[in-house]
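Here is a chain to be read through its computed values, with each label set against the rule behind it.

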Amino acid sequence: MTDRYAVFGHPVAHSKSPLIHAAFARQTGQDMTYEAILAPKDGFAASVAAFVAAGGRGANVTVPFKEEACRLATRLSARAECAGAVNTLTFASGEIRGDNTDGAGLLADLTQNLGRDLAGRRILLLGAGGAARGVIEPLLAQQPATLVIANRTVARAQGLAGLFGHGVVACGFDALAGAFDVIVNATAASLAGELPPLPPTIFAAGSLAYDMMYGRDTPFLAFARTHGVATADGLGMLVEQAAEAFFVWRGVRPDTAPVIASLRAAC
Ligand code: ATR
């Protein structure tokens with residue numbers, strides 16, 4: 001019997017996840033379908049329950065339901081607990097298992113696709129919302145020399161740093177001093193077409209500026225280019241987090257490179 005999967009979001013029509021998982025399923029010969037489900041903003045749990053009742057095996061969760069999915073899960077992976085958010089649900093044996101593959105997705109893109117070794121490197125994470133929180137623990141696991149979280153609202157960066165203990169420094173954009181090897185933009189500024197007020201001294205020769213957003217050039221990436229540093233958008237992260245979810249569900253690792261290439265060509 002064909003297994004059913006879905007992504008829940010609001011909005012969700014723009015989601016590339018159905019395309020990505022269809023490509024993974026074809027490539028690996030998995031008998032499954034994957035659809036996009038628009039859940040009402042106040043009806044996420046009911047939508048998930050209906051999907052499970054109809055035989056759904058698993059789901060991805062996107063904006064604005066990741067924190068709610070974390071509360072809905074009856075069991076959380078360690079990485080979902082650290083992230084405080086869930087992007088991957090598995091329905092089995094009456095359980096709702098919650099996982100978070102966003103951090104693994106970023107890491108796979110940075111280290112495998114972009115060839116960046118993060119050990120001993122200086123990492124700057126911009127933003128202190130859900131997107132930032134989801135990637136802190138996996139970044140720390142790479143043992144960088146420093147991990148600085150800079151945010152418009154400094155108290156929020158401090159609160160986040162406090163969750164992860166020593167090794168994480170929090171500050172505002174105006175207090176940023178010195179250069180970083182990898183700068184990850186996890187703010188929502190790109191969505192609004194805005195650039196956080198960053199000093200250009202954060203860039204050095206060989207730095208990588210990474211924007212979690214994908215699908216369009218962002219002011220942050222344009223700013224980085226004017227300072228001569230390498231840039232990457234979040235398309236690779238998107239496909240890699242999907243591959244990790246696919247592995248959680250199916251126990252098979254798809255080849256991400258052709259899927260990233262075909263999405264890139266379609267952008
Ligand atoms: P997400 O789940 O996408 O992280 P969020 O929890 O609302 O969404 O967090 C949005 C992040 O983007 C926050 O770090 C926010 O900064 P504040 O904590 O100061 O609100 C940041 N952000 C949003 N718009 C921004 C802008 N124009 N410039 C800089 N940072 C911005």
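This is a predicted model: local features need pLDDT of at least 70, side-chain atom pairs count only at pLDDT 80 or more; totals for chains, interfaces and linings use all residues.

Q: Why is the chain called as compact as a globular protein of its length?
A: The secondary structure comes to 10 helices and 12 strands. The radius of gyration of the chain is 18 Å, and the globule rule gives 18 Å for 267 residues, so the chain is as compact as a globular protein of that length. Along its principal axes, the C-alpha trace spans about 55 × 40 × 30 Å.

Q: What makes a residue of the chain count as buried, and what percentage of the 267 residues is buried?
A: A residue is buried when its relative accessible area is under 20%, and buried residues make up 50% of the 267 residues.

Q: How do you know that domain 1 and domain 2 are in contact, and how many residues of each take part?
A: Contact requires heavy atoms within 4.5 Å, and 8 residues of domain 1 are in contact with 8 residues of domain 2. The domain assignment gives 3-100 as domain 1 and 103-234 as domain 2, and their centres, taken over C-alpha atoms, are separated by 27 Å.

Q: What share of the contacts with a separation of 6 or more joins residues 24 or more positions apart?
A: Such residues account for 63% of those contacts in the chain.

Methods. Residues are numbered from 1 along each chain as its sequence is written. Side-chain values use heavy atoms; hydrogens and water are left out. Helices (H or I, at least four residues) and strands (E, at least two) are DSSP runs, numbered from the N terminus. The radius of gyration is taken over C-alpha atoms; the globule rule is 2.2 Å times the number of residues to the power 0.38. Buried means under 20% relative accessible area, exposed over 50%, partly exposed in between (1.4 Å probe, protein chains only). Domain bounds come from an automatic or database domain assignment.
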